Amino acid sequence: AVVSTQSTGKHLIAFLFTLNNTNRSITSLSISTLIRIYMALSLQQLSVSCIAKNIEYWSSNFDLNLVAPNFRYLLTPFDMVPDYFIQDIIAQVLSHKKFSLQVLCLFADSDLTRLNLKNCAQANDQCIEHLAFHAVNLKYLNLKLCKKVTKIKPLANCTKLETLNLSECSKIQDSCLVFILPALQLKSLNLQNTKATKSTIEAILHSKNVNSLEKLNLSCLKIDSKTVYRMTQTLRNLKSLKLRICNDINDNAFVSVDFRPYQENNYKYT
């Protein structure tokens with residue numbers, strides 16, 4: 001890659017300004033050291049961009065017979081690549097609308113801890129199956145607005161999941177939620193505008209999530225005041241509860257609630 005010195009100079013000034021604003025000391029670093037740091041960051045960004053734009057080159061020859069559940073471990077060109085680097089590549093692949101099962105196969109392994117597939121039209125049930133089989137150490141998964149995802153039972157295998165966003169996943173059945181929730185120990189769960197029912201809430205209240213759940217979004221669901229009251233009595237570590245447009249809930253759900261424990265946890269109710 002050829003970069004003009006004028007362009008490099010402008011970006012270096014911007015980089016130094018950013019570094020200074022983060023309260024990091026730059027007085028002890030030489031100009032040459034700062035330039036090497038900046039160029040390293042630039043090369044990383046360039047690498048991410050090039051890989052994302054040409055992802056078909058890496059994924060086109062991938063044999064789908066290797067996907068779950070046939071093989072547990074797959075060697076790909078991106079083995080040993082740092083997790084944060086993978087996150088950047090996937091984000092750009094999504095922005096170019098080039099995501100596919102073959103692409104996921106390149107990156108889904110035991111080192112993957114975060115995956116944001118928000119509004120990904122290509123994400124489907126086969127992707128979820130492969131992800132759950134290979135990315136067993138996944139901690140964060142965002143499937144918001146993934147309309148083709150209907151079956152998530154394989155996610156019960158991702159026992160280290162802490163954050164799960166299924167908002168607007170309108171095709172996921174309540175039975176799937178009831179199946180996976182007892183197997184997980186989530187800190188944050190978003191079920192806004194899904195097919196979650198009272199049975200889903202019961203699954204939450206009779207699982208490990210009782211002691212771990214801190215954030216819960218049940219907006220746009222058909223739940224009643226009695227169910228909400230049970231939640232406030234049972235989920236003692238809850239810090240945030242969202243119940244927007246839950247028309248079957250009235251003030252009686254909170255009349256007898258002792259909010260002191262929640263205030264200690266900076267509890268927010270909306």
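Rings of Phe, Tyr and Trp (its six-membered ring) pair if their centres lie within 6.5 Å; planes under 30 degrees apart are stacked, over 60 edge-to-face, and the rest tilted. This is a predicted model, where local features need pLDDT of at least 70, side-chain atom pairs count only at pLDDT 80 or more, and totals for chains, interfaces and linings use all residues. Residues are numbered from 1 along each chain as its sequence is written, and side-chain values use heavy atoms, with hydrogens and water left out.

Q: How many aromatic pairs are there by this rule?
A: Tyr 57 and Trp 58 make one of them, with 5.3 Å centre to centre and 85 degrees between the planes, so edge-to-face. Ring pairs also link these two with Phe 78 and Phe 107 in a cluster. The count is three.

Q: Which residue lies over the face of Tyr 140?
A: A charge sits over a ring if NZ of Lys or CZ of Arg is within 6 Å of the ring centre and within 35 degrees of the ring normal. Here the distance from the ring centre is 4.0 Å, and the residue is Arg 114.

Q: Is Asn 190 buried or exposed?
A: Leaving aside neighbours within four places in sequence, Asn 190 is in contact (heavy atoms within 4.5 Å) with Leu 164, Asn 165, Leu 166, Ser 167 and Asn 217. Its relative accessibility is 16%, so Asn 190 counts as buried.

Key:
Buried means under 20% relative accessible area, exposed over 50%, partly exposed in between (1.4 Å probe, protein chains only).
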